[in-house]
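Please read them with the structure open alongside.

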Amino acid sequence: MRVLLTGHRGYLGSVMTPSLLAAGHDVVGLDSGLFAGCVLGPDDADVPSIHADIRDVKPSHLTGFDAVIHLAALSNDPLGSLAPEITYDINHHASVRLARLAKDAGVQRFLYASTCSVYGSAGEELVTESAPLRPLTPYAESKVRVEEDVTAIADSGFSPVFLRNATAFGFSPCLRADIVLNNLVGVAMLTGTVRVLSDGTPWRPLVHARDIAAAFCAALVAPVDAIHCRAYNVGTEDNNVTVAQIAAAAATAVPNSTVAITGETGPDPRSYRVDFSAIRAAFEGYAPKWTVVDGAVELYENYVRWGLTEELFTTRFTRLAHLRTLQTAGLLDASLRFQRVGAEP
Ligand SMILES: NC(=O)c1ccc[n+]([C@@H]2O[C@H](COP(=O)([O-])OP(=O)(O)OC[C@H]3O[C@@H](n4cnc5c(N)ncnc54)[C@H](O)[C@@H]3O)[C@@H](O)[C@H]2O)c1
């Protein structure tokens with residue numbers, strides 16, 4: 001299958017590209033390169049690519065593809081809350097426009113990277129895909145709007161599917177240190193103490209980046225009936241874990257580190273546990289392989305192997321900090337566009 005993969009140079013894209021190639025797909029990337037150079041260790045996944053901002057995608061960029069996998073976005077809550085209008089421009093408006101262009105170009109499948117955070121606070125019950133959506137941040141709200149607007153343009157020739165990923169973990173050459181397990185393993189290694197600012201009780205659903213890639217690979221080849229306008233939670237109940245359990249996994253993976261739960265930030269409303277039975281039933285053979293404990297060990301081994309330092313951890317591999325660095329250097333403007341072609345590092 002010929003696949004256009006937006007956001008291919010990001011954290012998930014750098015893991016998904018080799019998975020798609022290994023599955024025999026013909027992959028073209030599309031990315032503006034916000035995190036170009038933010039790489040730890042070798043990044044071997046070299047595919048033909050379109051260097052573009054998704055706000056500027058042209059109809060010609062979409063011709064000749066069987067499927068679009070749309071990952072490109074401002075990818076977390078702090079980024080979204082910093083500049084909500086830019087989050088809506090990129091994550092919502094540009095995504096819906098991309099879907100329309102894909103449909104007009106005859107692309108049959110549109111695989112969208114949504115998030116389990118669309119459920120917001122959900123208490124102790126496991127949330128299924130039919131649970132009410134209660135997004136708590138502009139980032140999560142932008143994902144809900146894309147699901148609604150892209151569903152509205154689906155027809156017999158254009159099948160969108162919304163893959164609501166749990167929070168990712170695991171090593172990727174385009175590392176993110178601002179997602180919880182990756183962050184806590186790094187903190188354990190660099191400081192010796194995993195400090196948890198909440199009381200440690202909130203539930204978080206986690207999933208390894210390679211298990212997310214496997215879900216997208218499965219959705220590409222699933223029968224159309226199984227994907228058409230469907231939403232799937234991506235993850236496994238085994239990785240519905242509390243923040244305290246995530247901290248313990250990090251400290252166990254990193255020799256001579258300990259956990260300190262301070263509780264100083266008070267209650268955290270983003271607590272939810274997720275039901276993942278629908279994706280297992282729909283995509284034959286789909287079963288996430290990675291536990292949080294194994295992921296913590298993988299992260300620690302790669303951090304040591306590739307020489308992670310505190311400076312890299314807090315700047316280059318933290319999305320918000322890196323964008324601020326680019327803006328301070330005059331490379332990126334307030335709307336997160338590069339000031340001139342080739343300005344990206
Ligand atoms: N990582 C997670 O825990 C997680 C969980 C759920 C959903 N998701 C979603 O998966 C997708 C990928 O996440 P990630 O962790 O790889 O994020 P990332 O920040 O590492 O990568 C995003 C990529 O998109 C590109 N991008 C951003 N804005 C762009 C624009 N305007 N034009 C072109 N390219 C642009 C960036 O350059 C980057 O390469 C996002 O849509 C995110 O919301 C991620």
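Which residues are buried in α4?

1. The model is a predicted one, and with that in mind the question can be settled residue by residue: in α4, P138, Y139, A140, S142, K143, V144, V146, E147 and V150 are buried. The helix itself covers residues 138-151, and its 14 residues reach 20 Å from the first C-alpha to the last, close to the 20 Å expected at 1.5 Å a residue.

2. Seven strands, written here in their sheet order as β3-β2-β1-β4-β5-β7-β11, form an open sheet with parallel pairing. Because β3 (49-51) and β11 (230-234) stand at the edges with a single partner strand each, one side of each is left without a neighbour in the sheet. On average, and with direction ignored, neighbouring strands of this sheet are turned by 20° against each other.

3. Helix α6 lies across β1, β4, β5 (109-115), β7 (159-165) and β11, and runs at about 150° to β5.

4. A further open sheet is formed by 3 strands in the order β8-β10-β12, and here the pairing is mixed. Since β8 and β12 stand at the edges, each with a single partner strand, one side of each has no neighbour in the sheet. β8 and β10 run parallel and are joined by 3 bridges, and the bridge partner of T167 in β10 is L206. Helix α8 packs on this sheet, where α8 touches β10 and β12 and its direction makes about 85° with that of β12.

5. In α10, the buried residues are V292, G295, A296, E298, L299, N302 and Y303. Seen down the axis of α10, these buried residues fall within an arc of 165°, so they line one face of the helix. Their cover includes β8 (167-169), α5 (180-191), β10 (203-208), α6 (209-221), β12 (240-242) and α8 (243-253). Just after α10, G307 takes a positive phi of about 70°.

6. The largest nonpolar core has 71 residues, of which F110 and L181 touch the most other members, while α3 (residues 84-104) gives the most to this core, with 8 residues. Leaving aside residues up to four places away in sequence, the contacts of F110 include V68, H70, L98, A102, V150, F158 and V161. A second, separate core of 46 residues includes L5, A113, A222 and I227.

7. N256, although not a glycine, has a positive phi of about 65°; N256 is found in the loop between α8 and β13 (258-261) and is exposed, with a relative accessible area of 78%. L336 also has a positive phi, near 65°, and its place is in the segment after α12 (319-328), but L336 counts as buried at 9% relative accessibility.

Notes: Residues are numbered from 1 along each chain as its sequence is written. This is a predicted model: local features need pLDDT of at least 70, side-chain atom pairs count only at pLDDT 80 or more; totals for chains, interfaces and linings use all residues. Side-chain values use heavy atoms; hydrogens and water are left out. Buried means under 20% relative accessible area, exposed over 50%, partly exposed in between (1.4 Å probe, protein chains only). Helices (H or I, at least four residues) and strands (E, at least two) are DSSP runs, numbered from the N terminus. The arc is that of the directions from the helix axis to the C-beta atoms. Contact means heavy atoms within 4.5 Å. Two strands pair if DSSP finds at least two bridges between them. Axes are lines fitted to C-alpha atoms, for helices over the stretch in contact, and angles run from 0 to 180 degrees between N-to-C directions. A nonpolar core is a set of buried Ala, Val, Leu, Ile, Met, Phe, Trp, Tyr and Cys residues joined through side-chain atoms within 4.5 Å. The expected span of a helix is 1.5 Å times one less than its number of residues.
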